[in-house]
Amino acid sequence: MAFELFSRFKESLHRTRKGFIERLEDLLKKKLDPLTIEELEELLLSADVGPSATRLLLDSVQKVHGRRDFTGPEESRLALKERILSLFPEEGARPPARGDKPFVVLFLGANGSGKTTTIGKLAKRLIDGGHKVLLAAADTFRAGAIEQLQLWGKKVGADVIAHQAEADPSAVVFDALKAAKARGIDHLLIDTAGRLHTKKNLMEELKKINRVIGKELPGAPDESLLVLDATFGSNALVQAREFHGAVGVTGLVIAKLDGTAKGGSVIAIAHELKVPVKYVGTGEGVDDLYPFDPDAFVSALLDPS
Ligand code: GDP
């Protein structure tokens, strides 16, 4: 699995690696004078690693270079890799798992980020693993969102609880929770709106959905996953902070990693938000969702071949 992840991440990072990897090789071989440091800084920023993480990475490279027993470029690369790994937050202390079914996952994210597609892919993964999955179409605002989720449900073999367009999303969630309990569902995946008339409305509605879930199943949702579009790079941070502030995100899904040259933003975003990356989307296909593995990701980004 680790090797498969490494290959998939590397394939997905092809746009980020293009030009980046040769340049990195060149720079790591050079004497670390101020010009080289500046070039290295520019290179990391161009991959959207972000100013704060870039500074920390440069410090690490400078530190190993300064050591008397410094052996060469491989050691610099290793220092970079280790420092990046340290920037990925660990899974924080979580309240003890409820243990009761269903495991409730709330999906959050702006329109177009890849939320519905991610729900479909995750449902497929869970169903393949022998779990009973139910989907809830609580994005009742965007035209076509309900039908899109129903299409995914059909494709992967999961039932979808839906009301009419414009219906109260909390009512959909309430019905979905009841249905999930009655049917002995293992995982309930809830789609939510990415946009309402105003941003304030959206955040208030998400809070309300959260409250409804918590009232019906104390301790739930078990996971609140924020889906971010990798092609936005670290520009997605502002948006991410708003969702996180409103409902407390427990994990990130980075969708469309295959479509971006800003793959370094995965580091910047995880580091800045202090929220673990849980999954990465590597394409539009039903199987193109992988659990995030920091080691595989960092090697896929920085290893020369
Ligand atoms: P939503 O509005 O957040 O529900 O976004 P959608 O799930 O409808 O996705 C928006 C677009 O992004 C669709 O065309 C998807 O096929 C595409 N998409 C989603 N995830 C990925 C991914 O990992 N890779 C690529 N290349 N495209 C993706």
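**Close-up views of a predicted model**

Figure 1. E242 is 43 residues away from K199 in sequence, yet the C-alpha atoms of the two are 9.2 Å apart in space.

**Figure 2. The largest cavity and its lining.** One cavity of 30 Å³ or more is counted in the model. The largest cavity has a volume of about 50 Å³. Its lining is made up of F20, L44, A47, V49, L57, L80, I84, I267, L301 and L302. Two elements, α6 (73-87) and α13 (294-302), each give two or more residues to this lining. By residue class, the lining holds 10 nonpolar residues, no polar ones and no charged ones.

**Figure 3. The nonpolar cores.** The largest nonpolar core contains 76 residues, and L252 and F297 have the most contacts inside it. Apart from neighbours within four places in sequence, F297 is in contact with F9, L13, F88, L257, G263, V266, I267 and F292.

Figure 4. Helix α12 spans residues 265-273 and is mostly covered, with 8 of its 9 residues buried. The buried residues are S265, V266, I267, A268, I269, A270, H271 and L273. Two of these, V266 and I267, are among the contacts of F297, and I267 also lines the largest cavity. Just after α12, K274 has a positive phi of about 60°.

Figure 5. T260 sits in the loop between β6 (251-255) and α12 (265-273). T260 is buried because its relative accessible area, 3%, is under the 20% cut-off. The T260 side chain reaches the backbone oxygen of A230 at a distance of 3.2 Å. Leaving out residues up to four places away in sequence, T260 touches R15, T16, A230 and T231.

**Figure 6. Two non-glycine residues with positive phi.** Most residues other than glycine have a negative phi. E166 is not a glycine but has a positive phi of about 75°. This residue lies in the loop between β3 (159-161) and α9 (169-183) and counts as exposed, at 62% relative accessibility. K256, also a residue other than glycine, has a positive phi near 65°. K256 is located in the loop between β6 and α12, the loop that also holds T260. With a relative accessible area of 31%, K256 is partly exposed.

Figure 7. Most peptide bonds are trans. The bond joining K101 and P102 is cis, with omega about -10°. P102 is in the loop between α6 and β1 (103-108). The bond joining A220 and P221 is cis as well, with omega about 5°. P221 lies in the loop that runs between α10 and β5 (223-229).

Methods. Residues numbered from 1 in each chain as written. Predicted model: local features only at pLDDT ≥ 70, side-chain atom pairs only at ≥ 80, totals over all residues. Heavy atoms only, no water. 1 Å grid on protein atoms, 1.4 Å probe; cavity = no way out; pocket = protein on both sides within 12 Å on 5 of 7 lines; lining within 4 Å. Points joined across faces, edges and corners; volume = space filled by probe spheres on them. Helix = DSSP H or I, 4+ residues; strand = E, 2+ residues; numbered from the N terminus. Nonpolar A, V, L, I, M, F, W, Y, C, P; charged D, E, K, R; others polar. Buried < 20%, exposed > 50% of the residue type's maximum accessible area, 1.4 Å probe, protein only. Polar contact = N/O pair within 3.5 Å; in protein donor to acceptor, adjacent residues only side chain to side chain. Contact = heavy atoms within 4.5 Å. Core = buried A, V, L, I, M, F, W, Y, C linked by side-chain atoms within 4.5 Å.
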